[in-house]
Amino acid sequence: MADGAEDPGRPDVPGQPPEPGPDEEQARQRQEDPGTGEQPDGDSGARLRADRGQRTEPDQREEDDRGYDDLRRALGRRVYNNFYGTVDASGAAFGFGTARTPGLAPGSVEPEEIDRTLAYYLAPQPCFEEALGKLGAEHIVVLAGEDSIGRGAGAFALLRKIMGDGAGLRSLSPANSLAELTASSALKAGQAYVILDYVGEMNVDAVQAFEIRRLSEELHRKRSYLVITAPESARRRLALVDCCVPWTAPDPLALFHHCVDRLPAAALPAQDATELLDLVGELRRPADVVAAATALTDGADAALEVLRDSERELVRNWFGNEPTAGDLLPLAALAFLEGIPERNFEKASVSLGIHVRDWEQTGEGPVAEPEAAGTLRGVTFEQTRARWKERATGLVRTQRRPGPGQDSSRSERRIVFASPRVRELVIGELHDLYGYELWYPLRQWLSQLSGVGDLDVRTEVARGVALLARHALAEVDENLLQAWAGGLADQRVTTALTLQFMCEDGNLAPQALTIAMRWADNKGPERAVTTAMALTGTLGSLYRLQALNWLWFLANRGERMAFAARRSVVLLLQSAEQEPGRAVFTLRYMRTLITNTAQRSRARGNALLMTVRLLEADRLEGPGPLAAALLRDTADSTSHLGSLWASVLLSAYRRRAVVALCRTLVALRDDPSAAAAVRNLGEVMRRDMRPQQWEGLRNNLSNALNHPEYAIPGTHDLARVLLGSLSGRPMVRRRPAASPSAPAPALSSVPSARGGRSK
C-alpha cells in the first residue's frame with residue numbers, strides 16, 4: 001500500500017471491545033444510517049438550543065448529514081465537472097483531480113513527464129551548479145525561493161543530471177515528515193525522490209538538524225537522492241539552513257533565445273523585435289517566457305498578443321480609472337458570485353453595500369473625505385441591469401442558461417466574466433489596491449454568504465475565496481477558513497469546497513492539505529468533521545494516501561467524527577469511478593486495513609463498518625450501486641471487492657452485505673459481460689471463505705432473492721454463476737425462455753457443498 005511512499009503508520013486505538021452481536025449491530029445501524037430513523041427536517045439541526053447554548057448530539061448528526069448531502073451534490077454536479085483553471089501555461093487544468101504539474105500528486109513521475117517538463121529548460125546559474133554539488137555530496141538539497149520561478153523543473157533537472165537520462169523518480173507528499181522518512185521503509189535503494197512545495201512538519205516539535213543529518217546518511221547509504229522545493233522562508237529554518245540553496249529564475253532573455261533555438265524558425269520583422277524583446281525582459285516566470293517563445297512559431301503578432309496580455313491590461317486600466325463605489329462594489333461582488341441568476345446577484349450586491357454602510361457607521365476605521373475619488377461613503381446602487389455594459393466594458397457579459405437539472409425553458413440571465421482569468425485578475429487588483437475599508441466589510445459579507453442555504457452561492461463563494469488565497473493565503477486562512485471550519489454545516493461545506501478549489505493551483509495544493517490536516521486533531525469535533533469533508537474530492541485525489549490515513553484516524557475517534565470519516569471514504573470512492581487507479585487504491589487500502597486489524601478489536605469493527613458502507617454505496621452520478629459499476633468497468637477491482645465482501649459476510653454486518661450483493665446482481669442482470677465479472681468475484685470470495693461459510697451464504701442469498709424487489713429475471717442467473725464459482729463448480733448462465741414477466745427460477749438447482757441439491 002503505497003502512494004509515493006510506504007504507509008507511515010496510523011495511530012492505534014486503545015482497547016479491544018468484543019465485536020458487536022446482532023442486537024448491538026442493529027442498534028448501531030440505526031445510529032449510523034440516516035434514513036433508518038426520523039428524517040432530518042433540513043433546518044433544526046443547524047440551530048442552537050436556547051436553554052443550553054449548544055446543539056444536541058441528534059442535532060449535530062442531522063446537521064452533518066445535511067452537510068454531506070450538499071457536499072455530495074457539489075462533488076457530483078459542480079466541482080466534478082466545472083473546476084476553473086487559469087488559462088496560461090502554468091496552471092490550466094480541466095477535470096476532476098487533474099494534477100497539472102508533474103510530481104504534484106505523490107507517486108511515480110514517468111520519464112516522459114520529465115522530458116516534457118525539461119523540453120525548454122535552461123539551468124539558472126550559479127545556483128544550479130551549487131545545488132548539484134550539494135546534492136552529490138549530501139544526497140539531499142532544498143531549493144528555496146519564490147513561487148513560479150522554476151523550482152520544480154530545477155528539481156527534475158538536478159535528479160536527471162545525477163541519475164541519468166531516461167530515469168524516472170518518485171514524488172513524496174509535501175506533508176511527509178522528514179524525520180520519519182529515515183525511520184520508515186519509504187526510502188528505497190537507488191531511487192530519486194522529490195518533494196514539491198514542502199510545507200514543513202505537522203508535529204509540534206520542528207524537525208531537528210540531527211534528523212536531517214540522519215536522513216542524509218540514510219540516503220547516502222542507499223545511494224538515493226532527494227530534492228525538496230520550498231518557499232523562501234525555508235532558509236530561515238535552522239535545521240534546513242545547511243541544505244538550502246537560494247533558487248532564482250533564469251534570465252528571461254537568455255531563456256527566450258534558448259527556446260527559440262529549439263523551435264521552428266519564424267520570421268520576426270525588425271519593427272516588432274524591439275518591442276517583443278523589451279516585453280520578454282520584463283517577465284518573471286519562466287513559464288511565461290516559454291509561452292511567448294512557443295507563440296512566436298505562429299508569428300510575431302501571436303507572440304506580442306501573449307506578451308501584451310490584453311486581459312491584464314484591460315483589468316488594470318479599469319481600476320486605474322478609479323471606479324466609484326457604485327461601480328466597484330458590484331464588480332467585487334461578482335468576483336465571488338459569478339454565474340448565479342441575476343436576480344439573486346443583485347440582492348447579494350445590495351447586501352454587500354449594506355455591510356459597507358454598517359462598517360462606516362461604526363467608525364472602526366479612518367473616515368475618508370466624502371468627495372474623495374474612489375471612496376466608499378454615500379454608496380448607492382442602481383439596479384438598472386442595462387448599466388452593466390457601461391460599468392465594466394470588456395470585463396463582464398451576460399448569458400442565459402438554466403440551473404443544474406433544469407431544461408432550457410428555465411434559463412435565466414446570469415452575469416459572468418469575459419473569461420475565468422479575468423475573474424482572477426479582478427480579485428488580484430482588489431487585493432493589491434484596496435485596504436481595510438473594503439476588505440473588512442467584504443469578509444463579513446463572505447462569512448454571511450458562507451452559511452446560506454443556496455449551494456450554488458456557496459460554491460461560487462468557495463471558488464472566489466480560493467482565487468483570493470493565491471494572493472493572500474494567510475488572510476484567507478486566519479480570517480475566513482478557521483472560523484467557517486468550526487461553524488455550522490453550510491459553512492463547513494463552503495470551507496471544504498474552498499480547499500478543493502485551492503488544489504487547482506499547484507502552489508496552493510500542499511497548503512490546502514496542511515490546513516485540512518491541522519484541524520483533524522484537538523481542534524474540536526466540528527473542525528475534525530470539516531477535515532473529513534475536505535479530504536474528499538480533488539484534495540483526496542491528489543494526496544490519496546494521506547487522505548485515507550487521516551480518515552482512518554478519524555474513524556477511530558468519537559462517533560461523530562467516525563461517522564464523517566466513513567461518509568468521506570465513500571465519497572472518495574464514488575468520485576473515483578472514472579479513475580480506475582484511484583478506485584483500486586481505495587479498495588486495496590480498505591482490504592489492507594481489515595487484514596492488519598486484530599480479530600474482535602474495535603479497530604476491526606470500524607474497518608468492517610466502513611467497508612460495508614462502501615459496498616452499499618450508490619454511484620455519485622447516475623443510478624445503481626457503485627460496486628456494480630466498478631465490477632463492470634474496472635477489472636482490477638474484482639479481487640479487492642471479493643475479498644472485502646467475504647470479510648463483511650463473516651462479520652456482524654452479514655445481513656447488510658447480502659443486501660448489497662443482491663442490489664449489485666440486480667444492477668448487472670442486463671449486462672451480457674457481467675457473468676465473467678461475477679464468476680471472478682465468486683472465485684475470490686471462495687479463497688477467503690470455508691465451505692461451511694459459503695454454504696451459509698448460499699442459503700442467505702437464496703432467501704434474500706425471494707424478496708419481490710430482487711426477484712427479477714436475470715438476477716437469479718447471475719446468483720447461480722456466483723454460487724457456482726463459490727462451490728468450485730462452473731455454472732453456465734441461462735436465460736429463461738419465458739417472458740420478462742414470468743417469475744424467476746428458484747436457486748434450488750444450485751449444487752450444494754455436498755454435491756446434492758439444496759432443499
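User: In which loop does proline 126 lie?
Analyst: In this predicted model, proline 126 is joined to glutamine 125 by a cis peptide bond, with omega at about 5°. Most peptide bonds are trans. The residue lies in the loop between α3 (111-117) and α4 (127-138).

User: Is serine 148 buried, partly exposed or exposed?
Analyst: Serine 148 belongs to the loop between β2 (140-144) and α5 (151-163). Its phi is positive, about 65°, although the residue is not a glycine. Buried means under 20% relative accessible area and exposed means over 50%. With a relative accessible area of 29%, serine 148 is therefore partly exposed.

User: Is aspartate 197 buried or exposed?
Analyst: Aspartate 197 sits in the loop between β4 (192-195) and α7 (209-222). Although not a glycine, aspartate 197 has a positive phi of about 55°. Its relative accessibility is 12%, and the limit for this class is under 20%, so aspartate 197 counts as buried.

User: How many of the residues of α18 are buried?
Analyst: Helix α18 covers residues 455-469 and has 15 residues. From first C-alpha to last it reaches 21 Å, close to the 21 Å expected at 1.5 Å a residue. The helix is mostly covered, and the number of its residues that are buried is 15 of 15.

User: Which residue's backbone nitrogen does a side-chain oxygen of aspartate 454 reach at the start of α18?
Analyst: The side-chain oxygen of aspartate 454 comes to within 2.9 Å of a backbone nitrogen there. That nitrogen belongs to aspartate 456.

Technical notes:
Residues numbered from 1 in each chain as written. Predicted model: local features only at pLDDT ≥ 70, side-chain atom pairs only at ≥ 80, totals over all residues. Heavy atoms only, no water. Helix = DSSP H or I, 4+ residues; strand = E, 2+ residues; numbered from the N terminus. Buried < 20%, exposed > 50% of the residue type's maximum accessible area, 1.4 Å probe, protein only. Expected span 1.5 Å × (residues − 1). Polar contact = N/O pair within 3.5 Å; in protein donor to acceptor, adjacent residues only side chain to side chain.
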